[in-house]
Amino acid sequence: MIRNYLKIAWRNILTNKVYSALNILGLAAGMAVALVIGLWVQYQYSYDKGLPGYSQLYQVRRNFNSNGETLTFSSTSLKLADALRNNIPEIENVAESDWMGPHGLKVDNRKFYLPGVQIGSDFLKMFRYPFIEGNAETALKDPYSIVLTESTAKALFGNESSLGKTVRVDNVHDLKVTGVLKDLPANSSFQFKFVLPFSYLEQTQSYVKASRTGGFGNNNFQIFVKLKPGISYAQVEPKIIDIEKSEPESTNARNSKVILQPLQDWHLYSEYKNGIANSGFIDYVHIFSIIGLLVLVIACINFINLSTARSEKRAREVGVRKAIGSLRSDLIFQFLIESAMVTFISFLCCLVLVTLVLPSFNSLTGTSIAIPYNSFSFWLIMAACVSLTALLAGGKPAFYLSSFNPVKVLKGSVNGGKSRSLSRQILVVVQFSCSIALIISTVIIYQQIRFAKDRPTGYNIDRLMATDMNDDLDHNYTALKNELLQSGMVQSVTTATSPATDVGSHGDIDRWPGKLPGETVEMGYIGISDDYFKTLGIKLIAGRDFIPGSKADSNNVVLNEAAVKRLRLKDPINQLMTNGNQRLRIIGVVKDALMISPFAPADPSLFYPAKGGNLIYRLSTNVPTHEAVEKVTTIFNKYNPGFPYGYRFVDADYNSKFQIEMLIGKLSGIFAGLAIFISCLGLFGLAAYVAEQRTKEIGIRKVLGATIAQVWLLLSKDFILLVVISCLIASPMAYYFLHGWLMKYDYRISIGPGVFILSALLAITITLITISFQAIKAALMNPVKSLKNE
């Protein structure tokens, strides 16, 4: 019997090629979207899950009470690391870290500038990245050791074993290779090319050695911990939350609570609000999960509408089968078999589509997703999804077709009636409501990105470049600066402790004029050298800049507008503040510059005189960029011969702050386009069905003098009405969700009526294009032939 059902299903597919193609193409597209999004969601959830014991790994953070507002920081002190290591028995390992940017690695003539990390010796015991050579127990014991990743080892030593060999770091120290790790997977929160022991930093950097004996307020480092097996965070939390209160003389320690964030939450829950990690990339994972489901539902609606619309073609078959004894359950089973066959064929097409689009999708999203053909669980989930889709898409047609009265259908009196037509119209409205809502969302996202990009940054990022300092550049800085300026390729040069597009360090202001009892302020601390404000194009609006080379400015600072506003200083020039035991005098105020987020207010910041590790310079405007870079490269190689010249354009760094929003906008646009495409496939089929059903009516109207335009309007107006209703439903729905999304940004657009009108016009235009082919085709048909056929 099942074999017979399969034969009938296959014959029906071949007999109705156009409608079968529309069903299969629509379902395949919907399933492909759902599968791609499903694989992407699974990839996001898989971050760091490959590490053994990942559930016991945490990062230490601080919740800082800033006048009733809870701010969460990942920066911590070495004193806190020692306190956790020595006083909390439930903690098995502690690793302190000072993240660093790219550094120079050199072996003979092979020179590379690669990102690495300096971290405590327990790190590789906690984060069990697989070793190719060496082991976690001894790899970071020696301060002058280095652990390489596989690709780094191959770049430096070729195919030879690198264990025990020497690598020169920053052209200063020779370090012994004590281990080689497999390259880190793309879905790892840590991304580095080599690891140095934290003890190396303590041996070579005096500020780190001093920080070890400093207080809880010296928050310049990161800490990672591993809890003992069977120990939960709930057991540890009461012991660590107030651990810094043992230093009541420190304002920072007195107002800080120590918390842990589990490794499994780092990627998806990166944003803290009032001390709780409840948002982040997980918001977008939820959004696209819903989009994937909606697109699949839209495809299923196509199947339902086209199957029920063509019910008359199957009515006599149902009548004959019932007349010769078929039960309704047999017919339901038959139609579900047909639905399953169409769904299965669609799934095979879906796999082909996904295989074709995944390389482009991975390039767009920066992921490494692949279909897990060898995974039993994948096929089990796919089987369940295909079955559910077949049931969802074929259930209503099966029950509807099997309900026909055999006497009526054999007499030829079957009629779907208004109720059947209404149900199809409702489904079309649901389809287009979802599609139009996605169109509106895409437009709003791009408007928000454009709004933030057009926002004044407070500094000039055009032709501004940055290079990470190393010891050679630091020692030769004055000569390098002079030669760059004399070359005519560069307008100005400076250094800073923070990149031009970030604030790398924050600190407390303990006392200032007008301070309220118990009030605390934490702001960005940026050390700058001569010509910093000139190089970046930040305007001085009050007071003066630092005097080049003057020791008289060692205790003087410059504030930005946001800092002045935060401290409520009406006349800030020459006012005194206190940071710990250091008295600071305000000598100038500069305009705010957007160094952290283009969607948020400028960070309150304090500038003090110091040479930093970020070399920043502006190319001359009268020289082509490529020519200037070539000549600047020659000068850098002269003063830094040990390593290749590395640089970044600051405008690229700034634009990278829009990366997530740009990705979400592109994906929304793609999925909105696919949703509209799938909806239009169904609309095309329904338009063909309506034209076929009204062939005789159209013929009579043309005989009586109806024009092509009148016939086109007759067939189009009902569909246009459905799309207009969809617009009225989609607009408030989209407004509700988009308004909530925009509220997460301090700097945001207002949603006006224009976007809804534009989206409605676009949807109506697409609808007219879709149905006009069938409408005009019917209008051009010779009425003699249509009436004769009837």
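Helix 24 (residues 708–742) and helix 25 (residues 753–780) pack at an angle of about 155°, and their axes lie 8 Å apart. Helix 24 is therefore roughly antiparallel to helix 25. This is a predicted model: local features need pLDDT of at least 70, side-chain atom pairs count only at pLDDT 80 or more, and totals for chains, interfaces and linings use all residues. Residues are numbered from 1 along each chain as its sequence is written, and side-chain values use heavy atoms, with hydrogens and water left out.

**Helix packing**

- Helices (H or I, at least four residues) and strands (E, at least two) are DSSP runs, numbered from the N terminus.
- Axes are lines fitted to C-alpha atoms, for helices over the stretch in contact, and angles run from 0 to 180 degrees between N-to-C directions.
- Angles under 35 degrees count as roughly parallel, over 145 as roughly antiparallel, 65 to 115 as roughly perpendicular and the rest as oblique.
- The contact of helix 24 with helix 25 involves 21 nonpolar residues, four polar and no charged.
- For these classes, Ala, Val, Leu, Ile, Met, Phe, Trp, Tyr, Cys and Pro count as nonpolar, Asp, Glu, Lys and Arg as charged, and the others, Gly among them, as polar.
- Helix 23 (residues 695–703) also packs with helix 24, at about 150° and with axes 10 Å apart. Helix 23 is therefore roughly antiparallel to helix 24, and their crossing is right-handed.
- Helix 17 (residues 477–487) meets helix 20 (residues 625–639) at an angle of about 160°, with axes 10 Å apart. That makes helix 17 roughly antiparallel to helix 20. The crossing of these two is right-handed.

**Cavities**

- On a 1 Å grid over the protein atoms alone, a cavity is a set of points where a 1.4 Å probe fits but cannot get out, and a pocket is an open set with protein on both sides within 12 Å along at least five of seven lines; lining residues have an atom within 4 Å of a point.
- Grid points are joined across faces, edges and corners, and a volume is the space filled by probe spheres set on the points.
- There are four cavities of 30 Å³ or more.
- The second largest cavity has a volume of about 50 Å³.
- Its lining includes A687, L715, F719 and I771.
- Helix 22 (659–693), helix 24 and helix 25 each give at least two residues to the lining of the second largest cavity.
- That lining has seven nonpolar, two polar and no charged residues.

**Second largest pocket**

- The second largest pocket holds about 790 Å³ of space.
- Of its 33 lining residues, the closest to the centre are G217, G507, D508, N579 and G580.
- Elements that each supply at least two lining residues include helix 9 (251–254) and strand 17 (521–528).
- The lining has seven nonpolar, 18 polar and eight charged residues.

**A hairpin**

- Strand 12 (residues 271–273) and strand 13 (residues 276–279) pair in the antiparallel sense over three bridges (pairing needs at least two bridges found by DSSP).
- Y272 has A277 of strand 13 as its bridge partner.
- Two residues lie between the strands of this hairpin, and N274 in the turn has a positive phi of about 55°.

Key
Left-handed = near helix turned anticlockwise from the far one by under 90°.
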